[in-house]
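I opened this notebook to record what I looked up, residue by residue and strand by strand. The entries follow the order in which I went through them.

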Amino acid sequence: AAPSFFSNKKNVMILGIVAAVVIVGIIVRVIIANLPTTIYMDDFITIEYEGLSTKGSASMNFDDEAFMARLMEEMTEQEAYTMLMRLENAGGDLELEVPENLANGDEIHILFTFDNEIAKDYGVQFKVKNPTITVSALREPIFLDLFADLELTFTGCSPYADVSWENKSTNEFIKNKVEYY
């Protein structure tokens, strides 16, 4: 009689290793499948800057439509609205912390407070990838010396003196927009 497959210790060991790898693979797959999907809130945020460096401001716009579309990839519309209402009732918020007189090099902070335990009930979790943003988008102010290229001519003597001036600036703004009296 020919020996059976299971009578060879080497075959049994190989089969045991293959079975262990398959079982570990199934366990890992189940664990990964049950992990909540991470949704990064800053994917839906745009920050707009206004003003000049040292006198600037920033505001945040949130793309509600793109956010809802992303939620719909993970859950039904009813689940999404129910989750959002629960998060709102729990005091969830997303806001921008901006220093006054914003300048290039200053930091803006995205403040994010959501109860991720509620979100996990729906198979998602919310995070912010980059909660701190260093400002670099403000235009630098240009400092103009309005009198650097102003040529004054004095004629006469007191009390009958007269002053005339000529603007010899090469700066277009000073040349065309500044008037002297």
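**Entry 1**

I began with Val128, which is buried, with a relative accessible area of 18%; I use buried for under 20% relative accessible area, exposed for over 50% and partly exposed for what lies in between, with a 1.4 Å probe and protein chains only. The model is a predicted one, in which local features need pLDDT of at least 70 and side-chain atom pairs count only at pLDDT 80 or more, while totals for chains, interfaces and linings use all residues. Residues are numbered from 1 along each chain as its sequence is written, and side-chain values use heavy atoms, with hydrogens and water left out.

I placed Val128 in the loop between β6 and β7 (132–134); helices (H or I, at least four residues) and strands (E, at least two) are DSSP runs, numbered from the N terminus. Not counting residues up to four places away in sequence, Val128 touches Tyr40, Met41, Asp42, Ile110 and Phe112, where contact means heavy atoms within 4.5 Å. I also looked up Val128 and Ala58, which are 70 residues apart in sequence and 18 Å apart in space, C-alpha to C-alpha.

**Entry 2: Gln125**

Gln125 lies in strand β6 and, at 15% relative accessibility, counts as buried. Its side chain is joined to that of Thr38 by a polar contact of 2.8 Å, the term standing for a pair of N or O atoms within 3.5 Å, of which, within protein, one must be able to donate a hydrogen and the other to accept it, with residues adjacent in sequence counted only if both atoms are side-chain atoms. Neighbours within four places in sequence left aside, the contacts of Gln125 include Pro36, Ile39, Asn116 and Lys120.

**Entry 3: aromatic rings**

I counted rings of Phe, Tyr and Trp (its six-membered ring) as a pair if their centres lie within 6.5 Å, with planes under 30 degrees apart taken as stacked, over 60 as edge-to-face and the rest as tilted. By this rule there are seven aromatic pairs. Phe114 and Phe126 are a tilted pair because their ring centres are 5.8 Å apart and their planes stand at 45°. This pair links distant parts of the chain, 12 residues apart, with Phe114 in the loop between β5 (107–113) and α4 (116–120) and Phe126 in strand β6 (residues 124–127). Phe114 is partly exposed at 25% relative accessibility, whereas Phe126 is buried at 2%.

**Entry 4: helix α2**

In helix α2 (residues 64–74) I found Phe67, Met68 and Leu71 buried. Seen down the axis of α2, the buried residues fall within an arc of 95°, so they line one face of the helix; the arc is that of the directions from the helix axis to the C-beta atoms. They pack against β1 (37–40), β3 (57–62), α3 (77–89) and β6. The face turned away from the buried side carries the exposed residues Glu65 and Glu73. At the start of α2, a side-chain oxygen of Asp63 comes to within 3.3 Å of the backbone nitrogen of Glu65.

**Entry 5: the open sheet**

Which strands form the open sheet, and in what order? Three strands do so in the order β4-β5-β7, with antiparallel pairing; two strands pair if DSSP finds at least two bridges between them. The edge strands, each pairing on one side only, are β4 (93–97) and β7. Between β4 and β5 I noted five bridges in the antiparallel sense, and Glu95 stands opposite Leu111 in β5.
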